Amino acid sequence: MTEDKLALKVGYVDDESKDYQDYKIILGRDDIDLIYAENCQTLNDIIEWILDNSIECLIVDHKLTEKYDFVGTKVVAYVNSQLPDLPCIILTNYTKDSEEEKLVAKNLIFDRSKLIKNTAEIVEFIKQYAEIFRNRLRNHIDSYRELLEKRIERKLTAEEEEQFIRLHRLLRAYGEVDDVATELLRPEVDHKLDLLIDKIDKLIDKSKGK
């Protein structure tokens, strides 16, 4: 791996780390930095960990029962619901189990032996889908800028406010946008509350038949 080339950051979720170092060495030869997910207990913890580490692709084992209360296909389904553009794959000795659950597409389920015997296939898949993820992130920037302009002008609806916060967090996590100045954000908190209060008032008026 060359000094001036940034490694692709790939997350690895497994209930044990015994294979992690071997996989990290194998993928590291192709400029892929495999990072083991630690200190995660819930599905939301995994989302937070992904954003904190700017993960660009996620590899998940199927059977996670030694550490988690859920299996890998549920992790992928949840991550897809929260970060729909993030590529996720199942790496397991139990491919049939993963396929039968019908939560992850068959082409996203890989046998563990392939990482050793046919590394090139998995590497090509990871790099291709990670590039798509990066491009989709950049496509969100225009929407983010439009919402930022409306935010400055205090013209955001409550729904747009939620979308702005979500996009800001996502794009900032991956270094696509700079942080918004604190003094710009602070008045918007009050503005968001005003919007929510206005919604509640309208619902109350409607229930009273006004």
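An open sheet of five strands, paired in parallel and ordered S2-S1-S3-S4-S5, is found in this structure, which is a predicted model. Its edges are formed by strand S2 (32-36) and strand S5 (109-111), each of which pairs on one side only. Averaged over the sheet and with direction ignored, neighbouring strands are turned by 30° against each other.

**Strand pairing**
- Strands of a sheet pair through backbone hydrogen bonds, in either a parallel or an antiparallel manner.
- Strand S3 (residues 57-60) and strand S4 (residues 88-92) run parallel and are joined by three bridges.
- Leu58 has Cys88 of S4 standing opposite.

**Helices on the sheet**
- Helix H1 (residues 20-28) packs on the sheet, where this helix touches strand S1 (8-13) as well as S2, S3 and S4, and the direction of H1 makes about 160° with that of S2.
- Helix H3 (residues 72-82) lies across S3 and S4, and runs at about 175° to S4.

**Loop residues with positive phi**
- Most residues other than glycine have a negative phi.
- Asn39, a residue other than glycine, has a positive phi near 60° and is found in the loop between S2 and helix H2 (43-52).
- Because the relative accessibility of Asn39 is 75%, and exposed means over 50%, Asn39 counts as exposed.
- Lys102, likewise a residue other than glycine, has a positive phi near 60° and lies in the loop between helix H4 (95-100) and S5.
- Lys102 has a relative accessibility of 71%, which is over the 50% cut-off, and therefore counts as exposed.

Notes:
Residues numbered from 1 in each chain as written. Predicted model: local features only at pLDDT ≥ 70, side-chain atom pairs only at ≥ 80, totals over all residues. Heavy atoms only, no water. Pairing = 2+ DSSP bridges. Helix = DSSP H or I, 4+ residues; strand = E, 2+ residues; numbered from the N terminus. Axes fitted to C-alpha atoms, helices over the stretch in contact; angles between N-to-C directions. Contact = heavy atoms within 4.5 Å. Buried < 20%, exposed > 50% of the residue type's maximum accessible area, 1.4 Å probe, protein only.
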